[in-house]
Amino acid sequence: MTDAAPQTIYLKDYRPFAYIVDDVHLTFKLADTATRVISRTSFRPNTDFPGEFFLHGQDIKLISAKVDGVEVSPKVTSEGLTCDVPDKPFVWEAEVEISPSTNTALEGLYMSGGMYCTQCEAEGFRKITFYPDRPDVMSVFTVRVEGDYPVLLSNGNPVASGNGWAEWHDPWPKPAYLFALVAGNLVAHPSSFTTMSGKDVDLNIYVRPGSDEDKCAFGMEALKRSMKWDEDVYGREYDLDIFNIVAVDDFNMGAMENKGLNVFNSSCVLASPETSTDANFERIEAIIAHEYFHNWTGNRITCRDWFQLCLKEGLTVFRDQQYTGDQGSHAVKRIEDAITLRSRQFREDGGPLAHPVRPESFIEINNFYTITVYEKGAEIIGMLKRLVGDTEYYNALDLYFKRHDGDAATIEDWLQVFEDSTGRDLTQFKRWYSQAGTPRVTVTDDFRDGSYTLNFAQETPPTPGQDEKHAQVIPLAVGLLSENGDEVVPTTVLEMTESTQSFTFDGLATKPVPSILRDFSAPVILQRQQTSAERAFLMAHDTDPFNKWDAGDALAMDVLKQIVTKDAAPDAAYLDGVAAIMRDDSLDPAFRSLAVSQPSESEVAQALHDAGTTPDPLAIYHASEALKLAVAQHMQDILPLIMAQYTVDGPYSPDAKSAGKRSLARAALGMLTRLDGGAAAAKTFAEADNMTMQLAGLAGLRMIGKGEDQSQAFRKQWRDDRLVMDKWFGLTVSLAAPENAAQTAIMMTQEPDFDMKNPNRFRAVFGALAGNSAGFHDASGASYTLLGEWLAKLDAINPQTTARMTAAFETWPRYDADRQAKMRAALETLGATSGLSRDTGEMVGRMLG
Ligand code: 0A1
Ligand code: ZN
């Protein structure tokens, strides 16, 4: 926190640092409130870019500083220091003092559950010592850790250790944001991996002793699968003798890719059948892969500045999505990713927080670790791959690794590699990085004399600071089906580059049914007048699994809108369509469970808003409940059968096939619970031998307003397991009836094990409140006020998590005048909090406009 007026940083102002760092030696003398950090850094002037010697530094006490062994008195401000230095290579030495145990912001060096750990991305290293804390300054680190702990870790390879000390050396030059240190009473779950060139690598997952040791096996196997996959698919080998992962309870994000020493939020690495759901297992595997893949896309090639964040994040998310698809089903993974993008990224892109995948300015970079940078960033890579083809894509990646290994690179570098490798001009494609907002693609068609024409028009609505939009390159994967469902034209990628553009298919006997945007080939909103009969036809016959699912999703959305706006009865075409899919044993169970799920209430609100209707969250909630009941009634005969058929016998396994079966059984259970008063859910809860089914039983009961006893039993059973207790907190709030949501959240904050300093616990309660759409938007405004008040309290403790959670208010422009006023009032009160952090201040300012 700083009193100075927050400064906006601009991409256009980028300038290299005036000095080059050759190496840095750090010694840590660990102590809870008074850790000493001694640094010795070799600098030399960057003759191409001369300038001031400025080192970042925040919340640290300078004890002494020397230049070439001579004591100096630098000028220290709240942001760093400047000092007179010679015009030749020199050695900078400094000793500083920091207080890890009072560091509740969880940036820099802090304590969690008695252990020391670090989080330096994006700008946390400046809270550890004075240093050029910018990603384009890369250096070789040698670290000595002194402290009375059995485990003392840092990046790179271990060099030497003794009683109470250890030394580490990382031979790969890296920016400070990849620095890490961990110390504590930890135990290792060890293993090893032999790389493709035959090098043996020691692997460890470190946890606190107690109940976590038996939750490491899955993560370890996932790590090995990731290492092998990156060799097989991208030809990337690991490059140190050791790879360590540490599980930490207090962590702002999911995990962090520090070189050779990944630090994980314990919720993203620890897993066991009894305590973790299928969704947890899938997420853990994806995050382990993601962090591991960063070793090449992020660490060996890093970002020149933080505006280039999508360079590492978009590509690494794309790679982890490919990996997850390879472990199970590509179709199911694509649908899941599209759901995430359409429900959350489209919301961001359509509201006051919209920003380009590569932003051009920021006040606090931590506010730009967004779904747009990550997920839309990954979609851009996917479009590039679709446009150039698989072979050209992997050739370009080979060139990228060859040309930029060891660099701090830019989006321009990345696109240049593709231009050089494929000969394509990517000037227009580059707009995906600079233009915010989701393009709307409108389609009409025309059939004459055997020729079928698709006419497309694209338009992107204005976003904050960007009124004018230009046509983007949109890959539209299209297939054509005959009336009887045969595919007459297989998937073809049409490359749209103009504002309006037509594509013609000749030689067709009859008018085909088009299947457009197959595999969700671009992150756009497709707008098309379609009858429910046509949607039902595609739902039954489309050979592209994404579009088969999407036709049902669009039909469900139409039905929900009709119920909300016209109080209409659910369309039979939809009910018959989902029942047919539910009954179709030839389809993948995981796909079937996705096909019978409905758009979220938040998505319905967005769709109504887009269509010019002010959404009423309570009406949407009731419509959604009504449709779920109608679907359940429509297929009540098969629900018990499906539950029986897809109950997985034998010991629990989290593999995609078993998880898929359970997801279908859970979908059937959810429906049955609406009909049988909770009998099947109570039985499932009582008999479950794994968390997936235990939680499904409990959620079913809570959803129909029952299950108080089971909830208490669950709580008692799991009171010592913090990760399971997070689930209990979250479930209780997310399934509270709309009118009780705020009160339920208040009750949760009064529980003895509610700890607002722990981001997982805070998010469990208040993330669930924001996600309980009708409850959050209850007309009283109680949830808005409550969340605003708690965010104001949290801001003094942890600005980063606070700022992220303010995004719950980003949808305010969608709603009626009364809700708008109440949401804005909550934001204004939060914004007026004295001493508000720069993080939260920026978010509130952007939302209020
Ligand atoms: N780079 C990490 C995520 C991460 C980002 C920021 C953090 O603190 C501000 C922490 C972690 C990843 O993509 O996994
Ligand atoms: Zn990442």
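Trainee: How many bridges join strand 14 to strand 15, and which way do the two run?
Mentor: Five bridges join them, and strand 14 runs antiparallel to strand 15 (residues 165-174). Strands here are DSSP runs of E with at least two residues, helices are runs of H or I with at least four, and both are numbered from the N terminus. Two strands pair if DSSP finds at least two bridges between them.

Trainee: What kind of model is this, and how are things numbered?
Mentor: It is a predicted model, in which local features need pLDDT of at least 70 and side-chain atom pairs count only at pLDDT 80 or more, while totals for chains, interfaces and linings use all residues. Residues are numbered from 1 along each chain as its sequence is written, and chains are lettered from A and ligands numbered from 1 in the order in which they are written.

Trainee: Back to strand 15. Which residue there is the bridge partner of Pro158?
Mentor: Trp168 is the partner of Pro158. Gly162 stands opposite Trp165 of strand 15. Strands 14 and 15 form a hairpin with two residues between them, and Gly164 has a positive phi near 85 degrees there.

Trainee: What else pairs with strand 15, and over how many bridges?
Mentor: Strand 12, over seven bridges in the antiparallel sense. In that pair, Thr142 stands opposite His169 of strand 15.

Trainee: What is the order of the open sheet of eight strands?
Mentor: The order is 6-5-9-3-2-12-15-14, and the pairing is mixed. Strand 6 (70-71) and strand 14 (157-162) are at the edges; each has a single partner strand, so one side of each is left without a neighbour in the sheet.

Trainee: And strand 9, how does it pair with strand 3?
Mentor: Strand 3 (residues 35-45) and strand 9 (residues 90-98) are antiparallel over nine bridges, with Ser42 opposite Val91. Strand 5 also pairs with strand 9 in the antiparallel sense, over six bridges. Val67 has Trp92 of strand 9 as its bridge partner.

Trainee: Where is Asp59 found?
Mentor: In the loop between strand 4 (54-56) and strand 5 (61-67). Asp59 has a positive phi of about 55 degrees, although it is not a glycine.

Trainee: New topic. What is the order of the five strands in the other open sheet?
Mentor: That sheet has the order 17-18-19-21-20, again with mixed pairing. Strand 17 and strand 20 are its edge strands, each pairing on one side only.

Trainee: Which sense do strands 17 and 18 pair in, parallel or antiparallel?
Mentor: Antiparallel, with eight bridges between strand 17 (residues 187-194) and strand 18 (residues 200-207). Pro190 has Asn204 of strand 18 as its bridge partner, and Asn204 also stands opposite Asn244 in strand 19. The two strands make a hairpin with five residues between them, where Gly198 in the turn has a positive phi of about 90 degrees.

Trainee: How does strand 18 run against strand 19?
Mentor: They run parallel, with five bridges joining strand 18 to strand 19 (residues 242-248). The chain goes from strand 18 through helix 1 (residues 217-234) to strand 19, a left-handed β-α-β crossover. A crossover is right-handed if, with the strands pointing away from the viewer, the path from the first strand over the helix to the second runs clockwise.

Trainee: What surrounds ligand 1?
Mentor: There are 15 residues around ligand 1, and the closest are Glu121, Met253, Met256, Asn366 and Tyr369. A residue counts as near if its C-beta atom, placed from the backbone, lies within 6 Å. By class, the shell has five nonpolar, six polar and four charged residues. Ala, Val, Leu, Ile, Met, Phe, Trp, Tyr, Cys and Pro count as nonpolar, Asp, Glu, Lys and Arg as charged, and the others, Gly among them, as polar.

Trainee: Glu121 is in that list. What kind of peptide bond joins Glu121 and Ala122?
Mentor: A cis one, with omega about -5 degrees. Ala122 lies in the loop between strand 11 (115-119) and strand 12 (139-146).
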